[in-house]
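Let's take a walk through a protein model together.

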Amino acid sequence: MSIRVRLLLSYTCILIVTILLFLAAALLFVVALTGDVRSVKDFYNIHYAVNPLTEQEETIFLDLKYLAKNEPESLLDPKLLEQYNFKLRAMQAELFIRKEDTQIYSSLSVKQPELLAYLPDYEMNNNAIRDTLQIGDHFYAYAKFDFYFSDGAKGSMFVIRERSPFAEVVRSLLPIILGVLFIVLLLMNALLYSLLTRSIVKPIRLLQKSAERIKEGNLAFELHAEGHDEIAQLSESFEGMRVKLKESVEKQLQYENNRKELIANITHDLKTPITAIKASIEGIRDGVPDTQQKMDRYVNTILTKADDMDQLIDELFLYSKLDLKQLPFAFEEISLGDFVGDYADDLYYDLQDHGIILTCEVEDEGSTTVLADRDKLKRVLVNIVDNGVKYMVNAPKRMELQVKRDRAFVTLAIRDNGPGISEDAVPYVFDRFFREDLSRSRQTGGSGLGLAIAKQIIEGHHGTIHAESKPGEGTSIIIRLPLAKPQEDGYEEHSDH
Ligand SMILES: Nc1ncnc2c1ncn2[C@@H]1O[C@H](COP(=O)(O)OP(=O)(O)OP(=O)(O)O)[C@@H](O)[C@H]1O
Ligand SMILES: [Mg+2]
């Protein structure tokens, strides 16, 4: 059974129960007003149908009617009348006898002096014998019988019962109230149903449609949750799931693309030197180098290309091992300041040969202890410095190593004043095989793995690496490594100086 049908059913049930309860309340109300359960039955009969009296009253009325028909004179007998009236009064009804225009008998309890004037005229056919009449604020229900006395005078016998004016109003208003209530309930029902349908069924339908879309493999949509109820929360969770699923599918696709790209790159990077080697060997086989000098050039080409390949294969091997997390790190506590300082000392003259002036600035020496694998960290530095050497072409060439520490990290910056990296390329320099300018890269012979390897190694140290660069101004590669003892004593003092 759908929620819509369930809601409809439950609302209909509520409607029925409410009406029943209302009817019960109305019944109780009438009983409370009239004090008589039986009168409830007559509540409407009295007015609209034929019977203004209760069954017992009716029996007395019929007795009196019989007397009026057969022994009209007996209705002049005060004693007899008193007897009948007594019986009637037990049921809150009264007896009234009229002869022509005079009142023959009236119960004392009818405190209505104008009663005679208001009573209906004679109507000897006795067609309309039951009705109600209103005198001022008072309402009376009556049954009447018109007859002739033996002297030919017209007589009327009334069994009268006073009704509460309030009950009378209620009685006349009750059908309207009931009708209005029913309509209000119906409208309420319709309104609540439509509201609930809108707030429950509609979002559920939307969820269902979204689930269908996901089933069909379509993740490119957005599910907006309205409100804060449980269904909205469910929709939010569903939306979260969709986003996660989309991310994971995209990641999967990205991996797949990366894999394809990787194979294509490796193929290309291996193919290029092999083609050169093949061409050189073919040239030698065909006797192209006819002089020793040419022969040397051919052989050198073969050797360089073979070296390139060897280097590429080494880099690839290292990268894939790092990528697969198969290369163990031999961590030890080292002072990054000392480590970089020593490296700079070693490097200084090498770089001088390349026309590069190296400066090294180590702040807070001795307190920059990090957990690091010396060899791998060295590899990172070599890869970054190599880039500087490779890409700097115009003098004056300068390179700077800088070590700084803060509360929890040591920052190592390697800066050069080379050509820089374009803004678009900066985020990708750490991607494997990324080379900003392929033509330049061919000249410099890079494979695009240097920074990717550096990133793998730094991440293996739980650190971060990023590049900052302005084309034409230079490049900074910034490495942040967590301090081995972040809360080292004396840090505050050192940093104050
Ligand atoms: N100091 C730098 N100055 C200018 N461009 C740089 C610098 N460092 C890196 N790049 C750019 O980032 C790219 C990626 O560098 P990466 O070291 O990963 O590869 P590569 O140097 O091309 O090759 P490999 O290092 O594997 O021999 C380079 O091709 C170059 O375009
Ligand atoms: Mg490089």
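Start with ligand 1 and the shell of residues around it: helix 10 gives the most to that shell, supplying four residues. Keep in mind that you're looking at a predicted model. Helix 10 covers residues 374-391, and helix 12 (450-460) also supplies at least two residues of the shell.

Now zoom in. There are 20 residues around ligand 1, and those that come nearest are N387, Y391, D416, G448 and L451. Sort the shell by class and you get six nonpolar, eight polar and six charged residues.

The side chain of Y391 has an N or O atom 2.8 Å from an oxygen atom of ligand 1. G448 uses its backbone instead: a polar backbone atom there sits 2.8 Å from an oxygen atom of the ligand. Then find T475, where a polar side-chain atom lies 3.4 Å from a nitrogen atom of ligand 1. So how much of ligand 1 does the protein bury? On its own the ligand exposes 590 Å², and the protein buries 95% of that.

Next, let's look at some empty space. Rolling a probe the size of a water molecule over the atoms shows where such space is left. The second largest pocket has a volume of about 440 Å³. It is lined by 19 residues, with K202, P203, L206, H224 and E226 closest to its centre. Helix 6 (165-215) and helix 7 (230-285) each give two or more residues to this lining, and the largest share, nine residues, comes from helix 6. By class, the lining of this pocket has eight charged, seven nonpolar and four polar residues.

Methods. Residues are numbered from 1 along each chain as its sequence is written. Chains are lettered from A and ligands numbered from 1 in the order in which they are written. This is a predicted model: local features need pLDDT of at least 70, side-chain atom pairs count only at pLDDT 80 or more; totals for chains, interfaces and linings use all residues. Side-chain values use heavy atoms; hydrogens and water are left out. On a 1 Å grid over the protein atoms alone, a cavity is a set of points where a 1.4 Å probe fits but cannot get out, and a pocket is an open set with protein on both sides within 12 Å along at least five of seven lines; lining residues have an atom within 4 Å of a point. Grid points are joined across faces, edges and corners, and a volume is the space filled by probe spheres set on the points. Ala, Val, Leu, Ile, Met, Phe, Trp, Tyr, Cys and Pro count as nonpolar, Asp, Glu, Lys and Arg as charged, and the others, Gly among them, as polar. A residue is near a molecule or strand if one of its heavy atoms lies within 4 Å of it. A polar contact is a pair of N or O atoms within 3.5 Å; within protein, one must be able to donate a hydrogen and the other to accept it, and residues adjacent in sequence count only if both atoms are side-chain atoms. Accessible areas come from the Shrake-Rupley method with a 1.4 Å probe; for residues, only the protein chains shown count as cover.
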